[in-house]
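User: I'm new to this protein and would like a friendly tour. Could you take me through it step by step?

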Amino acid sequence: MKVLVTGGAGFIGSWTVLELLARGHEPLVLTNQIGKKVNGVTYFYGDIRDDVAVTEAMAHAEGWIHLAGVLGTAETIFNPRPAAYTNIIGGLNVLEGAAQYNLPGVNIAVGNYWMNNTYSITKNTVERFAQMFRHERGLKVTNLRALNAYGAGQTVASPHGSSKVRKIMPSFMCRALSGDPIEIYGDGTQVMDMIHVYDVAQALVSALEHTAKFGPVEHVLEAGSGNDTTVNDIANAVVTAAYELVGIESEIVHLPMRHGEPDNSVVLGNPKTLEVIGVNARDFISLEAGLKDTAEYFKEYLDSLND
């Protein structure tokens, strides 16, 4: 199947493209990033905010996975318009383009859809639009909420990278490997569902294959382990993984809670929702194993900065 992946050059997108190739599909990537190309992949350079670019790319596809968007929790609170325009109008462009050619697809949504930050609000809006397109216009679209994905290739924020969005695993891991204090927002009792990006990619491609063959899944799929790991637990596990790799043990410090995320929040997925597409959470990469390869990746990343 020729599969259009919006945001296919991004973190989750890159892993999804590799999974599509591994299963014998032909990925088509719509991206506004110019980076390393992958053999066997066709690239369309454009922006999801451009309805013409999206529709033209869809004309070459037989299915689609929508991943493109503007991320950020606290980062977009005081300037929500660019993210809102990209995520909502861009998401509508994808749904309209898919509907024009009657293509089956998967829309990625977020596990913390109920939080009052721009990313959660906008992605939940598109999740609901996808439901509307499915029920009112017959579009074969399945919603899949990805919980907190981590792994190799995730972008890094300051002081160890140039990303404007601070994600938990790159931040914790780069600080731990460098011997800098790991900074936790709040008291660290908030619960996060960590899932390796490989498992997210597996779930996305399985959801697309199911949708193409059997039709869309009515309920929202939740790509998460269901394990209630606190941020404090994650930080301690990162300290251990970094110590085993480089022999440095970082301290853990706490900062005031950031905007857009409530204290003591609980964000968990229900992996039973994935059973209909043949995905079993028992096969997911454990956090311990995932942290090992993630630590090795970020060590190489930090080493490259010093070369």
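User: How far does helix α4 reach from its first C-alpha to its last?

Analyst: In this predicted model, side-chain atom pairs count only at pLDDT 80 or more and local features need pLDDT of at least 70, while totals for chains, interfaces and linings use all residues. Residues are numbered from 1 along each chain as its sequence is written, and side-chain values use heavy atoms, with hydrogens and water left out. Helix α4 covers residues 118–137, 20 residues in total; helices are DSSP runs of H or I with at least four residues, strands are E runs of at least two, and both are numbered from the N terminus.

User: Which elements do the buried residues of α4 pack against?

Analyst: Buried means under 20% relative accessible area, exposed over 50% and partly exposed in between, with a 1.4 Å probe and protein chains only. The buried residues of α4 include Y119, V126, A130 and F133. Counting contact as heavy atoms within 4.5 Å, they pack against β4 (63–66), α3 (81–101), β5 (105–110) and β6 (141–146).

User: Which residue takes a positive phi just after α4?

Analyst: The place to look is just past the end of the helix. The phi there is about 75°, and the residue is G138.

User: What distance separates the end C-alpha atoms of α7?

Analyst: Helix α7 runs over residues 231–246, and V231, I234, V238 and A242 are among its buried residues. Its 16 residues should span 22 Å at 1.5 Å a residue. The model agrees, with the ends apart by 22 Å.

User: Is R175 buried or exposed?

Analyst: R175 sits in helix α5 (residues 168–178). Beyond its neighbours within four places in sequence, R175 is in contact with residues including P159, D180 and S250. Its relative accessible area is 11%, so R175 is buried.

User: What is the radius of gyration of the protein chain?

Analyst: The chain holds eight helices and 13 strands. Taken over C-alpha atoms, the radius can be set against the globule rule, 2.2 Å times the number of residues to the power 0.38. For 307 residues that rule gives 19 Å, and the chain comes close to it, so it is as compact as a globular protein of that length: its radius is 19 Å.

User: What share of the residues counts as buried?

Analyst: The C-alpha trace spans about 55 × 40 × 40 Å along its principal axes. Of the 307 residues, the buried share is 53%.

Technical notes:
Expected span 1.5 Å × (residues − 1).
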